[in-house]
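Subject: Structure for you to look at

Hello,

Here is the structure I said I would pass on. Please open it before you read the rest of this email.

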Amino acid sequence: MPKAVKGVLIECDPSIKAIILKIDQEFHDYIVEDLDDQTLVIKESQLPRLRERLEEVLADTQQMPDESGSD
């Protein structure tokens, strides 16, 4: 008997999609289907957790402003 999973359609830039794919790679907890280079179906129950992980990764990759005071 087939099993249905509630999903949410996500459209994003290819760079963000690559980050989501990397996050999902470890446990395969988030992605239901990879549709094309800008679209994914994500498990609805995992969406809040995925958002948190994505924000953490994006915060880690952002450069901090130079505080050396050089003008």
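Below is what was found, going from the overall layout to single residues.

Please keep in mind that this is a predicted model. The protein chain has 71 residues, and 23% of them count as buried. It contains two helices and three strands. Read from the N terminus, the order of these elements is β-α-β-β-α.

The largest nonpolar core has 11 residues: Ile 10, Cys 12, Ile 20, Ile 23, Tyr 30, Ile 31, Leu 40, Ile 42, Leu 47, Leu 50 and Leu 54. At least two residues of this core come from each of helix H1 (14-25), strand E3 (39-43) and H2. The most come from H2, which supplies three.

Helix H2 spans residues 47-61, and Glu 56 is part of this helix. Glu 56 also belongs to a negative surface patch, together with Glu 52, Glu 55 and Asp 60. Is Glu 56 buried or partly exposed? The relative accessible area of Glu 56 is 47%, so this residue counts as partly exposed; the cut-off for exposed is over 50%.

His 28 sits in the loop between H1 and strand E2 (31-36). Most residues other than glycine have a negative phi. His 28 is not a glycine, yet its phi is positive, at about 55°. With a relative accessible area of 53%, His 28 is exposed.

Regards

Conventions: Residues are numbered from 1 along each chain as its sequence is written. This is a predicted model: local features need pLDDT of at least 70, side-chain atom pairs count only at pLDDT 80 or more; totals for chains, interfaces and linings use all residues. Side-chain values use heavy atoms; hydrogens and water are left out. Patches are made of residues with over 30% relative accessible area and no salt bridge: like charges are joined within 9 Å, nonpolar side chains (Val, Leu, Ile, Met, Phe, Trp, Tyr) within 5 Å. Accessible areas come from the Shrake-Rupley method with a 1.4 Å probe; for residues, only the protein chains shown count as cover. A salt bridge is a side-chain nitrogen of Lys or Arg within 4 Å of a carboxyl oxygen of Asp or Glu. Lys and Arg count as positive and Asp and Glu as negative; His and the chain ends are not counted. The place of a charge is taken as NZ of Lys, CZ of Arg, CG of Asp or CD of Glu. Helices (H or I, at least four residues) and strands (E, at least two) are DSSP runs, numbered from the N terminus. Buried means under 20% relative accessible area, exposed over 50%, partly exposed in between (1.4 Å probe, protein chains only). A nonpolar core is a set of buried Ala, Val, Leu, Ile, Met, Phe, Trp, Tyr and Cys residues joined through side-chain atoms within 4.5 Å.
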